[in-house]
Amino acid sequence: MATKLPTTDIRISAGTIRRRKGGTPIVCLTAYTYPVARLLDEHVDLLLVGDSVAMVLHGHKTTLGASLEMMIAHGQAVMRGSARACVVVDLPAGTYEDSAAQAVASARRVVEETGCQAVKLEGGVDMSKQIAAIVAAGIPVMGHIGLQPQSVEKDGGYKIKGRTEEAVAALVRDALAVESAGAFSVVIEGTVETVAADITRRIAIPTIGIGASGDCDGQILVIDDMVGLTVDRVPKFVKEYADLRSVISNAAETYAAEVRSRTFPGPGHVFSATNSRDDA
Ligand code: KIV
């Protein structure tokens, strides 16, 4: 049931997402490929080409396996497969942290080579100069605070944020820094529910929760997690809306049996010498 791409350009801009603060919840999913973008485009407001692609599609242990070239290739595929959703591409680790100039150069490359609407980067107070510089260069930025997957090696694992008074204060400082640097929205990941809800009330830009709070202005999940394609451990905050592991595994099992028994290909899947109307 592939959906048709709309013919007119009706893409949702970062500015439109920004103006939806406090309104109908903003629906976001990750997407990495052309066919999945085609399927998701009509249902979501925002597609994130997350650096989780390094783990989900390329089998790396962490998101540190993502490169700018990888993000650009997947960003191009998602742009080709969508016409409506606001497309945001992650800046991978090592492409923005050193300086504002490095961040602007990476963001420019991503936007120029993919045509996406915005970039996302991880960090709060520590990355506010980078966010401000990218925004000053005319590129909308989505922030990402709380659990930051690019820092899991430094943090010693995927640790939930906001469980001590100091951690709560640091999260609030990060949220305010991302907002004043000019980001149009901010992802809050892996954060105590009440803290994420409180930050949502305190800042004027939309918060997008993942393992955060139902009070956030929007929600995001990794597409492979929510359709049940993830083969490794699925985090607690994921709800699986489908079981594609079983669908694919059962299809492969049936196909293998039919090839071995010479049931496939059947008469409907081969070509005769005389009937030219049955061309592939
Ligand atoms: O890379 C990613 O998929 C993300 C989302 C989990 C927010 O950053």
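I began with the Lys161–Asp155 salt bridge, where the closest N and O atoms are 2.9 Å apart. I count a salt bridge when a side-chain nitrogen of Lys or Arg is within 4 Å of a carboxyl oxygen of Asp or Glu. The model is predicted: local features need pLDDT of at least 70, side-chain atom pairs count only at pLDDT 80 or more, and totals for chains, interfaces and linings use all residues. Residues are numbered from 1 along each chain as its sequence is written, and side-chain values use heavy atoms, with hydrogens and water left out.

I looked up exposure next (buried is under 20% relative accessible area, exposed over 50%, partly exposed in between; 1.4 Å probe, protein chains only). Lys161 is partly exposed at 22%. Asp155 is partly exposed at 32%.

I counted 8 salt bridges by this rule. Asp90 and Lys120 form a salt bridge at 2.9 Å, N to O. Asp90 sits in strand S3 (residues 86–90) and Lys120 in strand S4 (residues 118–120), so the pair ties together parts 30 residues apart in sequence. I took helices (H or I, at least four residues) and strands (E, at least two) as DSSP runs, numbered from the N terminus. Asp90 and Lys120 are both buried.

I then checked Asp198 and Arg202, a salt bridge at 3.5 Å between the closest N and O atoms. Both lie in helix H9 (residues 193–202), 4 residues apart, about one turn of the helix. Asp198 is partly exposed at 25%, and so is Arg202 at 48%.
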